[in-house]
Amino acid sequence: MSLKITKLNNHYVVPYTQHPDYMGGIYDKNGNGIIESERFITVNKPTTIRKKVKIVHKSAVFIGHLTRHYGHFLLDTLARFWIFVKKDKSFFVGKDIIFIDFCHNKCGFNDPVFRYITNKLQIKRGSFRKILNITKYNKIFVPESSYSFLCKHGVLDPIIKKMFYSITKHLTPHFDDLKIYISRSKSMDLRPTTIYDELFRDLGFKILNPSARSFHTDLEK
């Protein structure tokens with residue numbers, strides 16, 4: 001089992017639209033959403049592709065939704081960044097690296113978290129594009145979401161571990177070398193990040209499960 005890359009010809013990138021439509025991602029000419037481009041919890045409804053769209057005669061790499069929200073950055077953005085570790089840098093030459101906005105906590109390419117990730121993975125940001133209007137590309141490469149892979153197979157692909165080690169190896173230690181990961185394993189909204197707990201524990205993080213008590217009290221545990 002391994003993470004895969006889906007190649008799509010002449011497809012449309014549609015910006016995210018909130019409630020009640022929940023659209024956003026990649027669609028074919030008939031307006032049907034491509035499941036590989038969807039968020040982990042959203043089922044995109046069919047949409048009408050307007051005739052007046054922006055046409056880009058080149059290839060693109062779809063990296064999903066861009067957000068500064070901590071949990072959604074893990075599940076909706078960073079979950080596809082493994083392609084930068086797996087593929088040789090020559091793969092990205094001449095291709096747009098495209099994102100669409102998330103429905104809340106929108107993030108720009110100068111956001112500190114986003115800058116930190118791209119710097120540690122040595123990614124040049126010159127070709128990054130945020131799609132704000134329906135855009136058609138000749139070819140779109142869609143890396144599988146590592147979140148969906150974990151949900152399907154219940155295991156961590158080695159390339160995901162490699163990516164996380166690449167990002168975290170230069171973290172500046174705090175609290176006498178204590179690194180803390182805030183888990184959502186006890187979340188009541190059916191969207192926990194339990195699948196990441198093992199990975200961060202292997203990286204030397206203390207797993208913190210927030211409670212109704214204060215953050216200070218939780219840290220004393």
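Which strands does helix H1 (residues 70-77) lie across? Helix H1 lies across E3 and E4 and runs at about 130° to E3. Contact here means heavy atoms within 4.5 Å. Axes are lines fitted to C-alpha atoms, for helices over the stretch in contact, and angles run from 0 to 180 degrees between N-to-C directions. Helices (H or I, at least four residues) and strands (E, at least two) are DSSP runs, numbered from the N terminus.

The model is predicted, with pLDDT of at least 70 needed for local features and 80 or more for side-chain atom pairs, while totals for chains, interfaces and linings use all residues. Residues are numbered from 1 along each chain as its sequence is written, and side-chain values use heavy atoms, leaving out hydrogens and water.

**View 1. The open sheet has six strands.** Their order is E2-E1-E6-E3-E4-E5, and the pairing is mixed. Two strands pair if DSSP finds at least two bridges between them. Strand E2 (23-27) and strand E5 (128-130) form the edges, each pairing on one side only. On average, neighbouring strands of this sheet are turned by 45° against each other, direction ignored.

**View 2. Strands E3 and E4 pair in the parallel sense.** Six bridges join E3 (residues 54-66) to E4 (residues 95-101). Ser 59 has Lys 95 in E4 as its bridge partner.

**View 3. Phe 81 and Phe 114 form an edge-to-face pair.** Rings of Phe, Tyr and Trp (its six-membered ring) pair if their centres lie within 6.5 Å; planes under 30 degrees apart count as stacked, over 60 as edge-to-face and the rest as tilted. By this rule there are 15 aromatic pairs. In the pair shown, the ring centres are 6.2 Å apart and the planes stand at 90°. Phe 81 is in the loop between H1 and helix H2 (83-86), and Phe 114 is in helix H3 (residues 112-120), 33 residues apart. Phe 81 is buried at 0% relative accessibility, and Phe 114 is buried at 0% as well. Buried means under 20% relative accessible area, exposed over 50%, partly exposed in between (1.4 Å probe, protein chains only).

**View 4. Phe 91 pairs edge-to-face with Phe 92.** Their ring centres are 5.2 Å apart, with planes at 85°. Phe 91 is buried, with a relative accessible area of 15%; Phe 92 is buried, at 11%. Ring pairs link a cluster that includes Phe 81, Phe 91, Phe 92 and Phe 114.

**View 5. Lys 95 has its charged end over the ring of Phe 91.** The distance to the ring centre is 4.3 Å for Lys 95. Lys 87 also lies over the face of Phe 91, at 4.7 Å from the ring centre. A charge sits over a ring if NZ of Lys or CZ of Arg is within 6 Å of the ring centre and within 35 degrees of the ring normal.
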